[in-house]
Amino acid sequence: MTRFRLLVGLGNVGRAYATTRHNAGFWWADAMAARLGASFASEAKFFGDVAKAGDLRLLKPATYMNLSGRAVATLARFFDIAPEDILVAHDELDLLPGAVRLKQGGGHAGHNGLRDIQQQLGSAAFWRLRLGIGHPRDSDVPQQAPADYVLKPPRVEELRAIDDAIARALEAWPLLAQGDIAQATMRLHTDPPSVKAANKPATKNNAAATESVAATLSTKEPS
């Protein structure tokens, strides 16, 4: 039975990246820590911010996305945590904003954070919580390169949908903690109406609102 001992949220550190789509994993990690009553603290020996709730550890790598595996592998080896007991939350281009999926193993699909974790662990057997952020080809900026798209803040509707997905993931956590993967998967893979709503084309009004939300969030110190 799966017994998660390490939860990892992927993202980039720093104010400039705090509100970008690529930081969806960080948003989930912060929300999970708050739910568990845990607080993140910088731990240089693990190359990131670490929180502890009982025998469960949460990690936000401070190595920037492309080198996420260094932090994950260092902490996993120190506490003798197997890849099968690690859950990594990350942004997913191939899912609409608000969609969330759970899977174990598989490829990295070009996600540099996942690629480095696989290389550093020497295994792809860790679990992934895939938080949909949409793809530029399905947005109002289809010509935008994915590498640029993920480093921009989501639109207001997208942000609400992603927040909803994170909330659903938190609700499913007790099932995951108990090892009831089937029931958790059923709940997570049922998309609410907000997923379709978030995929509507942007307008000048909601584009301006997105800029306002991003400006507000960027004034907060990153956790």
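Which residues does Leu129 touch, not counting residues up to four places away in sequence? Taking contact as heavy atoms within 4.5 Å, Leu129 meets Trp28, Leu87, Val88, Ala89, His90, Val100, Arg101, Leu102, Ala169 and Leu188. Bear in mind that this is a predicted model, in which local features need pLDDT of at least 70, side-chain atom pairs count only at pLDDT 80 or more, and totals for chains, interfaces and linings use all residues. Residues are numbered from 1 along each chain as its sequence is written, and side-chain values use heavy atoms, leaving out hydrogens and water.

Let's step back to the core around Leu129. A nonpolar core is a set of buried Ala, Val, Leu, Ile, Met, Phe, Trp, Tyr and Cys residues joined through side-chain atoms within 4.5 Å, where buried means under 20% relative accessible area with a 1.4 Å probe, protein chains only. The largest one has 36 residues, and Leu129 is among those with the most contacts inside it, together with Phe4, Leu7, Trp28, Leu87, Leu102 and Leu176. Its largest share, ten residues, comes from α5. A second, separate core of 19 residues includes Val8, Leu59, Leu75 and Phe126.

Now on to a helix pair, with helices taken as DSSP runs of H or I, at least four residues, numbered from the N terminus. The axes of α2 (residues 68-78) and α3 (residues 112-121) come within 7 Å and cross at roughly 40 degrees; these axes are lines fitted to C-alpha atoms over the stretch in contact, with angles running from 0 to 180 degrees between N-to-C directions. In α2, Ser68, Gly69, Arg70, Val72, Ala73, Ala76 and Arg77 meet Gly113, Asp116, Ile117, Gln120 and Leu121 of α3.

Definitions and conventions:
Helix = DSSP H or I, 4+ residues; strand = E, 2+ residues; numbered from the N terminus. Buried < 20%, exposed > 50% of the residue type's maximum accessible area, 1.4 Å probe, protein only.
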